[in-house]
Structure formats: structure tokens, C-alpha cells
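Here are my notes after a pass through this one.

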Amino acid sequence: MAIVINIDVMLAKRKMQSKELAEILNITPANLSILKTGKAKGFRFDTLEAICKALECQPGDIMEYVEE
């Protein structure tokens, strides 16, 4: 996939655990894992907004385009 998801990087920078972020987002840890691994086909802008708010970052900090 050409879009790389860097939620783990931002979690590490913010010293936050996945479980804590899942609770803030009100989603299951399993669904957060699907987002983190890039296995999701997509996600909603309100979810992206909530992630950015919780991690105090920009969408570009979470997603990155990498040519295959």
C-alpha cells in the first residue's frame, strides 16, 4: 500500500499507549489496531480529527504517501 499509517510513531512521541488512545476515541483496541496496521480500507474524517486532537498532531504526522 502506498499510504503508510504512523499512529505508532505518534503514540511513542506522546508516550501514550494504544489502549489509552482507543479509550479517548471510544473505539475498541482491535479497531485501533486495524487502523494502525494500515489494514483498514479507510476511515472517517471525524476519526482522523479525533486522533489528531488526542495526539496533538496534524494529519500528515499520521499518514504518509510512499511510492511503491
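The points below cover a helix pair, a few side-chain contacts, the cysteines and some backbone angles.

1. Before anything else, keep in mind that this is a predicted model. Every distance, angle and accessibility below should be read with that label attached: predicted.

2. Start with the pairing of helix 2 (residues 18-25) and helix 3 (residues 29-36). Their axes come within 9 Å and cross at roughly 105 degrees. Angles of 65 to 115 degrees count as roughly perpendicular, so helix 2 is roughly perpendicular to helix 3. On the helix 2 side the contact is made by Ser18, Leu21, Ala22 and Leu25, and on the helix 3 side by Pro29, Leu32 and Lys36. Sorted by type, the residues of this contact come out as five nonpolar, one polar and one charged.

3. A second polar contact, of 3.1 Å, joins the side chains of lysine 36 and aspartate 8. Leaving aside residues up to four places away in sequence, lysine 36 touches Ile5, Ile7, Asp8, Leu11 and Ser18.

4. Aspartate 8 lies in helix 1 and, with residues up to four places away in sequence not counted, touches Ser18 and Lys36. Is aspartate 8 buried, exposed or partly exposed? At 43% relative accessibility, aspartate 8 counts as partly exposed. For a sense of spacing, aspartate 8 and alanine 30 are 22 residues apart in sequence, with C-alpha atoms 14 Å apart.

5. Threonine 37 belongs to the loop between helix 3 and helix 4. From C-alpha to C-alpha, threonine 37 is 9.0 Å from aspartate 8, and the two are 29 residues apart in sequence.

6. Asparagine 6 sits in the loop between strand 1 (3-5) and helix 1 (7-13). With a relative accessible area of 15%, asparagine 6 is buried, since the cut-off for that word is under 20%. The side chain of asparagine 6 has a polar contact with the side chain of glutamate 64, at 3.2 Å. Beyond residues up to four places away in sequence, asparagine 6 touches Asp61, Ile62 and Glu64.

7. Alanine 54 is in helix 4 (residues 45-55). Its relative accessibility is 19%, so alanine 54 counts as buried; the threshold is under 20%. Setting aside residues up to four places away in sequence, alanine 54 touches Met16, Leu21 and Ile24. Take leucine 21 from that set: 33 residues separate it from alanine 54 in sequence, while the C-alpha atoms are 7.2 Å apart.

8. On to the cysteines: the structure holds zero disulfides.

9. Last, two backbone angles to look at. Most residues other than glycine have a negative phi. Asparagine 26 is not a glycine, yet has a positive phi of about 60 degrees. Asparagine 26 is in the loop between helix 2 and helix 3 and is exposed, with a relative accessible area of 71%. Glutamate 56, also not a glycine, has a positive phi of about 50 degrees. Glutamate 56 lies in the loop between helix 4 and helix 5 (59-62) and counts as exposed at 64% relative accessibility.

Notes: Residues are numbered from 1 along each chain as its sequence is written. This is a predicted model: local features need pLDDT of at least 70, side-chain atom pairs count only at pLDDT 80 or more; totals for chains, interfaces and linings use all residues. Side-chain values use heavy atoms; hydrogens and water are left out. Helices (H or I, at least four residues) and strands (E, at least two) are DSSP runs, numbered from the N terminus. Buried means under 20% relative accessible area, exposed over 50%, partly exposed in between (1.4 Å probe, protein chains only). Contact means heavy atoms within 4.5 Å. Axes are lines fitted to C-alpha atoms, for helices over the stretch in contact, and angles run from 0 to 180 degrees between N-to-C directions. Angles under 35 degrees count as roughly parallel, over 145 as roughly antiparallel, 65 to 115 as roughly perpendicular and the rest as oblique. Ala, Val, Leu, Ile, Met, Phe, Trp, Tyr, Cys and Pro count as nonpolar, Asp, Glu, Lys and Arg as charged, and the others, Gly among them, as polar. A polar contact is a pair of N or O atoms within 3.5 Å; within protein, one must be able to donate a hydrogen and the other to accept it, and residues adjacent in sequence count only if both atoms are side-chain atoms. A disulfide is a pair of cysteine sulfur atoms within 2.5 Å.
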